[in-house]
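Please look through the sequence and the model before reading on.

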Amino acid sequence: MARIDQIIDDFAYLEEWEDRYRYVIELGKALPDLPEEDRTPENKVQGCASQVWVVSHEEDGGADPVLTFTGDSDAHIVRGLVAIVLAVYSGKHASEIVSTDAIEIFDRIGLVEHLSSQRANGLRSMVKRIREEARLKAAA
C-alpha cells in the first residue's frame, strides 16, 4: 500500500485531473481484496452511496494502541479513496488518528473539490468512522 507522503507527492506531479482520477483508480486496484467474511453490516460504512467496508485491527492492547485498517468498495474511484484514507490512518496510534483529519489532506491535494457531493459525503463518513473507532480505543 502506498504511503500518504508518496501519494501527496504524486498528486503534485500530476497536473491534469483526468490523470489524478486515473491515479486514484490505480491506488484502488492496488488495495488488497477484503475477505468476504469481513463484508459484514458491522463493517459497512453508513453514509456512502457506494458500498464501503472498513475493518480495524488492533496491533497491541496498550492504552494507546496502534491501529491498522483494511477496506474495500464496489466502486473504482471510491476504492481508491478508501486506499488514500487507509494510507493516512493505518499503522498509527489511536491518539494520532483522533487528532488527524484526513479531509484536510484531501483538501490540500485538491481532491475534495473534484468529488461529487455524494462521494465527498461518503469520504467524510469513512473518516468520521475511523476517527470515532480510534477515539473509543484510546479512551478504553
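The points below are grouped by topic. The model is predicted, with pLDDT of at least 70 needed for local features and 80 or more for side-chain atom pairs, while totals for chains, interfaces and linings use all residues. Residues are numbered from 1 along each chain as its sequence is written, and side-chain values use heavy atoms, without hydrogens and water.

**Nonpolar core**
- The largest nonpolar core has 43 residues, and Phe11, Ile84, Tyr89, Phe106 and Leu111 touch the most other members.
- Such a core is a set of buried Ala, Val, Leu, Ile, Met, Phe, Trp, Tyr and Cys residues joined through side-chain atoms within 4.5 Å; buried means under 20% relative accessible area, exposed over 50% and partly exposed in between, with a 1.4 Å probe and protein chains only.
- The largest share of this core, 11 residues, comes from α3.
- Helices (H or I, at least four residues) and strands (E, at least two) are DSSP runs numbered from the N terminus.
- Beyond its neighbours within four places in sequence, Phe11 is in contact (heavy atoms within 4.5 Å) with residues including Trp17, Ile84 and Leu111.

**Helices α3 and α6**
- The axes, lines fitted to C-alpha atoms over the stretch in contact, with angles from 0 to 180 degrees between N-to-C directions, come within 11 Å for α3 and α6 and cross at roughly 30°.
- That makes α3 roughly parallel to α6, a label for angles under 35 degrees.
- Residues of α3, among them Ile77 and Tyr89, meet residues of α6, including Leu123 and Ile130.

**Gly91**
- Gly91 lies in the loop between α3 and β3 (92–93) and is partly exposed, at 47% relative accessibility.
- Gly91 and Thr68 are 23 residues apart in sequence but 4.8 Å apart in space, C-alpha to C-alpha.

Definitions and conventions. Angles under 35 degrees count as roughly parallel, over 145 as roughly antiparallel, 65 to 115 as roughly perpendicular and the rest as oblique.
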